[in-house]
Amino acid sequence: MLHELLLSLLGYTGDLVVDEREHQLSVGLSPEASISDQCTFKLASDVSFIEPSERHIIEKTIRLGFYYRELDRFATKSRNLSWIRFGNESPMKNQSVYRRAIANGLVEVLSVYRSAVLHMEQKLLSDPLPILATVTQSLNKFFVLLPPLYELILEIERDGISGGKLLNLLHKRCHCGVPELQTCIQRLLWHGHQVMYNQLASWMVYGILHDQYGEFFICEQEGNSARDSSSNTNMAERLARMSVNDGSLSDWHLGFHISLDMLPEYIPMHIAESILFAGKAIRVLRNPSSAFRSVDARHKKLMGDELLPQSEADKIESMLINLKESSEFHKRSFEGAVDSIRAIAASHLWQLVVVRADLNGHLKAIKDYFLLAKGDFFQTFLEESRKLMRLPPRQSTAEADLMVPFRLAVTKTISDEDKYFSRVTLRMPAIGTNIKSSKVDVSKPKYADTDSSLSSDTSLETSLDGWDGISLEYSVDWPLQLFFTQEVLSRYCRIFQYLLRLKRTQMELEKSWESVMQQDHSIFSKRHIERVNGSTSQQRRQCFRPMWRVREHMAFLIRNLQFYIQVDVIESQWNVLQTHIEESRDFAELVEFHQEYLSALISQSFLDIGSVSRILDGIMKLCLQFCWKMENQETDASTNELERITEEFNKKSNSLYTILRSSRLAGSQRAPFLRRFLLRLNFNSYFEQTAQGVMNVIRPSPAIPPLQR
């Protein structure tokens, strides 16, 4: 009877202790059978020689045998690796590396329990002690250990918990008032953390995501896993077979993300983001493109042998080993190590992008061409293409037609020493494609359009003419695609289109004045030679003076707006960006500074305020129409059209001044140099007086007399 009781404590039933579940099945339990949700070990009903009090103690004791058997079955099933022996693929269902680690911890606990049973057997055989009292006393501590562990595996099996969720569950169970149980669960959590540290080492030392069952909180986007080798390939082969071209860039931008379901609650989100960034950075540093590798080979003696020196990789690995060897998880130590590893990765990525890839040179080139810093080039281009842009673009050859003046401008203004210009390409979208307005979409704009009187221009066509779609493309090589994403280049392109419209409008106003003056001088000379009465010429000048005055108002507004954007906005923000580049040694910080730079350009140029951008588009359109009409004024109908344009311009310019001087803009930090722009516009209080007049009454604009021929 003693040995049958001892065997039942190790999960083996017989005549004295029976398993009701096995009795019902009439066969033994299969290894894959689910865990029973209640104790099925019972004392045989036909045993009549045991007192009720003893029966109660025995039934309470044999529950430990039931818990032991279920825990052992869970550990055996979780640690089953028999599929490796037969060369089969691992069955994905119910497989978990974290469960296997927890099972290893359970095996340690169960081995202590078995040793206690064995020691108790030796003690009972050597000394004639009371059996039940000895059993109860020897196994007393396991009454507080095995039942909670059984409930733990029952919850794991029932809810299919694995990965980070399993770590969460163990972390919560650690907070209990029983020291023995707390120590036991902390040991299980330590085993789970060993798996996590191994995955962190693979990710943050080699840039490889080793997560065959989708349990790590860093996970791969669907459709992206084909670039990595299968999970049972050794690390050297995986490093050799990694994609280094478009795949690595796709990995950086879209390849990996944080799985919130698998992120342990005791790891903050910013630490998880640092882990994600560090792994992606190491992935980039370990896998440079072949083209970059061949170019960089010439500078190895100066720049170092590797993008990530082995000493730095060893340093990262040693930090993770120190964390792994700690008996407990210390949040502060973990976060400090992750921050240090992230700093190492960010510093080397900064070295790669800023120093080796010449980031500042490319930023300067983009400023020259996308932000029109090379004013002579674009002035020449617009002058050479002026006649072409007076005609509607042809659907099939618009881009090819533009290439002629573009190449002429290149020949006249771009030197052979400009090594970046070859990356710039002129583009013209197909005719019929929707040309977006200069308003730039941003999330949650700070200044929404609330006044309906300021947004009455919604019906206005946003495109000035068919040439609005002129844009630039900039060819970026590895690894600069990490910095100049498609979104960034798109924002640059939108700013370029706006600035090119503005410069084209300014040029047309200047050329129209030049053209009208040439006509006037030609007519004056002709009449002087023919000795015709000069009163007609004088009268003609009198007719043109109101028109010239309107042109000057337009040119004044456009010049000041262009000066404000190019000097007060672009140059000042460029200097701020250069300061950040010189002071920063962190790639992520640099990306953030550049995003702030772009956002400042957009916001301070008012491209994200719908009412202002529509008014500016309308003003530029009216200026171009005015220039074309003024150069071809021959009929009363064109004179009437000029009057209409003048009236519309006055309304829009006054509305623009009213919006810009509002406290929401002029009184905020959104545009710190806006007050200077308003001061230049309103230096003689003209705009303030006319704006008040427009807001109070509708005053008739001065009529432009028809030309008397």
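Author: A charge sits over a ring if NZ of Lys or CZ of Arg is within 6 Å of the ring centre and within 35 degrees of the ring normal. Arg-342 lies over the face of Phe-277, with 4.8 Å to the ring centre.

Some ground rules. This is a predicted model, where local features need pLDDT of at least 70, side-chain atom pairs count only at pLDDT 80 or more, and totals for chains, interfaces and linings use all residues. Residues are numbered from 1 along each chain as its sequence is written, and side-chain values use heavy atoms, with hydrogens and water left out.

Now the setting. The protein has 27 helices and 6 strands. These are DSSP runs, numbered from the N terminus: helices are H or I with at least four residues, strands are E with at least two. Of its 709 residues, 51% count as buried. Buried means under 20% relative accessible area, exposed over 50%, and partly exposed in between (1.4 Å probe, protein chains only). A contact means heavy atoms within 4.5 Å. Among contacts with a separation of 6 or more, 80% come from residues 24 or more positions apart.

Next, charge against charge. Side chains of opposite charge can pair when their charged atoms come close. A salt bridge here puts a side-chain nitrogen of Lys or Arg within 4 Å of a carboxyl oxygen of Asp or Glu. The structure holds 26 of these salt bridges. One of them joins Glu-70 to Arg-73, with the closest N and O atoms 2.9 Å apart. Both residues lie in helix 3 (residues 52–78), 3 residues apart, which is about one turn of the helix. Glu-70 and Arg-73 are both buried. Arg-69 joins in as well: Arg-69, Glu-70 and Arg-73 are linked in a network of salt bridges.

Other pairs sit in other surroundings. Arg-158 and Asp-159 meet at 3.6 Å, N to O. Arg-158 counts as exposed because its relative accessible area is 56%. Asp-159 is partly exposed, at 45%. Glu-552 and Arg-551 meet at 3.1 Å, N to O. Here Glu-552 is partly exposed, at 33%, whereas Arg-551 is buried, at 6%.

Rings of Phe, Tyr and Trp (its six-membered ring) pair if their centres lie within 6.5 Å; planes under 30 degrees apart count as stacked, over 60 as edge-to-face, and the rest as tilted. The whole structure has 26 aromatic pairs. In one of them, the ring centres of Tyr-67 and Tyr-150 are 5.1 Å apart and the planes meet at 35°, so the pair is tilted. This pair links distant parts of the chain: Tyr-67 is in helix 3, Tyr-150 is in helix 7 (residues 146–159), and 83 residues separate them. Tyr-67 and Tyr-150 are both buried.

Rings also gather. One aromatic cluster includes Tyr-369, Phe-370, Phe-406, Phe-421 and Tyr-474.

Last, the strands. Strand 5 (residues 424–427) runs antiparallel to strand 6 (residues 471–474), and 4 bridges join them. Two strands pair if DSSP finds at least two bridges between them. Arg-427 has Ser-471 as its bridge partner in strand 6.
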